[in-house]
Amino acid sequence: MKLTKDIPQIFILTIGLGLVVFFMYFFRFDKNAQLITGAVGCIYYTVWGIIHHALKERLSMAIFFEYVLFGLVVFLLLLLSFTL
Amino acid sequence: MIDKYQFLHHFLPHPTKKKRAVLLQHGAMLTYALVLVTFLGIFRTIPRVAPGVLGYASDISVSDLLKGTNKIRNENGLNSLRLNQSLTKAAEAKAHHMFAHNYWAHVAPDGTTPWDFVLDSNYDYSYAGENLAKNFDSSNDVVKAWFNSPSHRENLLSTNYDEIGFAVVNGVLDGYETTLVVQMFGRPRAAIPVASKEEEDRILTSYETVPTEATQVITISPEKAPELAFNLAGPQEVLPAVDVTTATRSITLLVSGFLFILLALDIWYSRRRAIPRLSGNAFAHITFLVMTVVGVWFALTPGKVL
């Protein structure tokens, strides 16, 4: 039951991240565009996580910071890869 | 059993505290962010304090670039371009000018245009064009990148050109050891025959005879080929102390792999011990991480074209 309720949200996440990967490949010869795509992906994931937990009425400061920090770490990984 | 070894909760969730593994908690995530910022700082500082330590490994040759360019033209029903010594000289001059003045652009900071190099090499043109590339590791990747960029493809597939010149020059640009590739296209203004096959072979042969130093001066005897007496920077393999592409990919894979293992352990152990926790969705974190690695690994191509 719980999993069924999550499916639409997981679907939205997968589609969004799939688009990010697609655009990263699409812009494979333009590193600036790739980095912007990656940054949009990180923001999208962070916002998705916050909304996902808010809709489940489980959003707390700890969960909020978990998504912000996770998005930040992944963005820094992308920054390291795309700007050097 | 595990509870006897508390250090394991660095890697596994805590059943009584109902928390994630210590290495997945906020403090640890903040530490990873700081470590990555430190790496970024180091990679930005090294080129300034020790130019040439960081770089891009490459093995690019003029003959492969010529073959690749003409193969693409032929596949699109166009004639092959013949290697011309004046355009080669212009390309060499442009590449050396970029290293000497530390820039990467079609127009130099002092206003010198690509056409100045072409005219200085005594090539009077009716049409001319220039493609640039840097930080690539193979000739094939360079040609592929030009072909995939609309503006560069326009040059590659233009019917306005009959001749071509290449320069593949190694040096230090912005503190990074790299290889610059310059491709000059042209059609002579006067109705003179385009470069002959013999001239092309002579240029290619002269590249093959370049010794292994970073930059060599080739002087061909005036009796044999007076027009070829110019500086030739032969294409040699570049092997920097630290290859930037390999280093960044390794760091990305290492950090992502570490987080992936911790999150997988979190899911497995939480289910096994039925630990209820108020934390983020570990499955979502893993999905995000995997897609990031896929993006970096397959979409990140080394090199830039201009």
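Good morning. In this predicted model, the buried residues of H5(B) are covered by elements of chain B that include H2, strand E3 (125-134), helix H6 (150-156), strand E5 (176-188) and strand E7 (304-305). The buried residues in question are Ser139(B), Val142(B), Val143(B), Ala145(B) and Trp146(B). Viewed down the axis of H5(B), they fall within an arc of 160°, and they therefore line one face of the helix.

Let me turn to one of these covering elements, H2. A pair of packed helices is described by the angle between the axes and the distance between them. For helix H2 (residues 62-75) and helix H5 (residues 139-148) of chain B, the axes come within 9 Å and cross at roughly 35°. The crossing of H2(B) and H5(B) is right-handed.

Which residues meet there? From H2(B), Asp64(B), Leu65(B), Gly68(B), Thr69(B) and Ile72(B) meet Ser139(B), Asn140(B), Val142(B), Val143(B) and Phe147(B) of H5(B). By class, this contact has five nonpolar, four polar and one charged residues. Ser139(B), Val142(B) and Val143(B) take part in the contact with H2(B) and are also among the buried residues of H5(B).

Finally, the contact between the chains. It takes 39 residues from chain B and 35 residues from chain A. On the side of chain B that touches chain A, at least two residues each come from helix H1 (26-49), H5, helix H8 (244-272), helix H9 (282-299) and E7. H9(B) gives the most, with 12 residues. By class, this side of chain B divides into 24 nonpolar residues, 14 polar and one charged.

Methods:
Residues numbered from 1 in each chain as written. Chains lettered and ligands numbered in written order. Predicted model: local features only at pLDDT ≥ 70, side-chain atom pairs only at ≥ 80, totals over all residues. Axes fitted to C-alpha atoms, helices over the stretch in contact; angles between N-to-C directions. Helix = DSSP H or I, 4+ residues; strand = E, 2+ residues; numbered from the N terminus. Left-handed = near helix turned anticlockwise from the far one by under 90°. Contact = placed C-beta atoms within 7 Å. Nonpolar A, V, L, I, M, F, W, Y, C, P; charged D, E, K, R; others polar. Buried ≥ 20, exposed ≤ 12 C-beta atoms within 10 Å, placed from the backbone. Arc of directions from axis to C-beta.
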